[in-house]
Amino acid sequence: MEDDGILLMESPQRIFEKYHIDEEMGFALPNPLEKLPPPYDEWISIAKNLPELIKKNELRKKVDELKILSIDGLSGHKLQRLARLALGYITMAYVWNQGDGDVRKVLPQNIAIPYCELSEKLGLPPILVYADCVLANWKKKDPNGPMTYENMDILFWFPGGDCSKGFFLVSLLVELAAASAIKVIPNLLKAVKNQDEVTLKKALHYIASCLHRAHKEFEEVHKHVDPSTFFKVLRIYLSGWKGNSKLPEGLKYEGFWENPKEFAGGSAAQSSIFQCFDILLGIQQCSGEEFAAEFLQEMRNYMPPAHRDFLLLLKSGPSVREFVRSRDDVELKADYNECVKAMVSLRKYHLKIVAKYIVIPASQQPKNNQASEESSEQKNKGTGGTNAMDFLKSVRTTTEKFLLIDH
Ligand code: HEM
């Protein structure tokens, strides 16, 4: 098989280059750009001032006044990702404005056309996705300093003060901790093929340690993200227009498509990192609830195409799980289980976070306040549009089933 060949024959560097993966940063965009050349700098100046423009109720007017720009002058992946990030922020702000229920169902052509053209070019839907607001939305304060919360910042903000920074940077730091395990994947798969248990154990051990570090990073969310601001403010700006009663038909992208289109909102469910380790460990989410499997599969359409392809490539590779099962090696099984347990533990922790940041604030909403114009079903939904707890519990339970148990 050609794909099998790439995984087992090519050098890790070649594989990572082909699938747009950075050896250290995984799926995150290394050193994103922050400036666009004229005339595109107009997009940046709006995106940079979103909270202020929204507060003064000037955002929509500014967007309505933009000239339609051809995207031909945007050359290079990083420039295009930055333009997409800025247009994504502006689009979310245009639709939701002050987050008070006054929504726009039509995105004017002066922004819709370049946004849709650029999105097509990058193989992503024209809505703010995780690959924009988390993977391409960061910088180091001191370029020679470490990748730590203290030494990092985001490039664009939504209303809600530091909530955007907290949510996007903590997500990025979780992602990065887990992503440092990607570099051992090619050698791990070669070890399976060569039946080299010593190398395989080392690689599994390393993956488990990275997932444990990811858990530690996750715990930082409490320090940096306020539940009430997340629920009442940031969640609104990340919401999409798929299955959303506020835009029942979706959003009309004027001048690009005749009919409105539905797209799910930005969510860490669009991260490739958890799906990557599910596949590597043989955790088949498709063996769980149909809805959960379908949703996770659908979320791949919101990942950069190269990352989506990497997941398919992994799926076509040798099965770690089957190899471990076939051996009578207690240590090997324990090392494999350590990785699955780390995935279970991340997902259990994530459930607690969702209870704190969505379920509890939803239950505390007064009946007739603005945000509670949302139906109670809508309020308990994640930004990706799922009924969060049911979905996440199902994913956790499926993950647990993949622990190898001695009989
Ligand atoms: C305040 C913090 C967070 C909240 C409230 C939250 C909420 C949610 C919700 C509601 C979903 C269901 C899909 C949807 O409708 O959006 C989801 C899925 C998911 N989230 Fe989060 N999330 C948070 C932080 C994170 C972080 C930091 C990560 C890791 C980078 C993460 C990774 C995932 C993954 C991978 C899924 C898909 C389900 C799975 O594979 O387990 N989340 N999240």
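Select K48 and F156 to begin: in this predicted model K48 lies over the face of F156, at 4.7 Å from the ring centre, where a charge counts as over a ring if NZ of Lys or CZ of Arg is within 6 Å of the ring centre and within 35 degrees of the ring normal. Because the model is predicted, local features need pLDDT of at least 70 and side-chain atom pairs count only at pLDDT 80 or more, while totals for chains, interfaces and linings use all residues. Residues are numbered from 1 along each chain as its sequence is written, and side-chain values use heavy atoms, with hydrogens and water left out.

A search of the whole structure finds 18 aromatic pairs.

Now show Y89 with F158, whose ring centres are 4.2 Å apart with planes at 10°, so the pair is stacked. Y89 belongs to helix α6 (residues 77-96) and F158 to the loop between β3 (152-154) and α9 (163-179), so the pair ties together parts 69 residues apart in sequence; helices (H or I, at least four residues) and strands (E, at least two) are DSSP runs, numbered from the N terminus.

Next, select F158 with Y237: their ring centres are 5.4 Å apart and their planes at 15°, so this pair is stacked. Both F158 and Y237 are buried, meaning under 20% relative accessible area with a 1.4 Å probe and protein chains only.

Finally, go to W257, where the charged end of K261 sits over the ring, 5.1 Å from its centre.

Note on methods. Phe/Tyr/Trp six-rings, centres within 6.5 Å; stacked < 30°, edge-to-face > 60°. Buried < 20%, exposed > 50% of the residue type's maximum accessible area, 1.4 Å probe, protein only.
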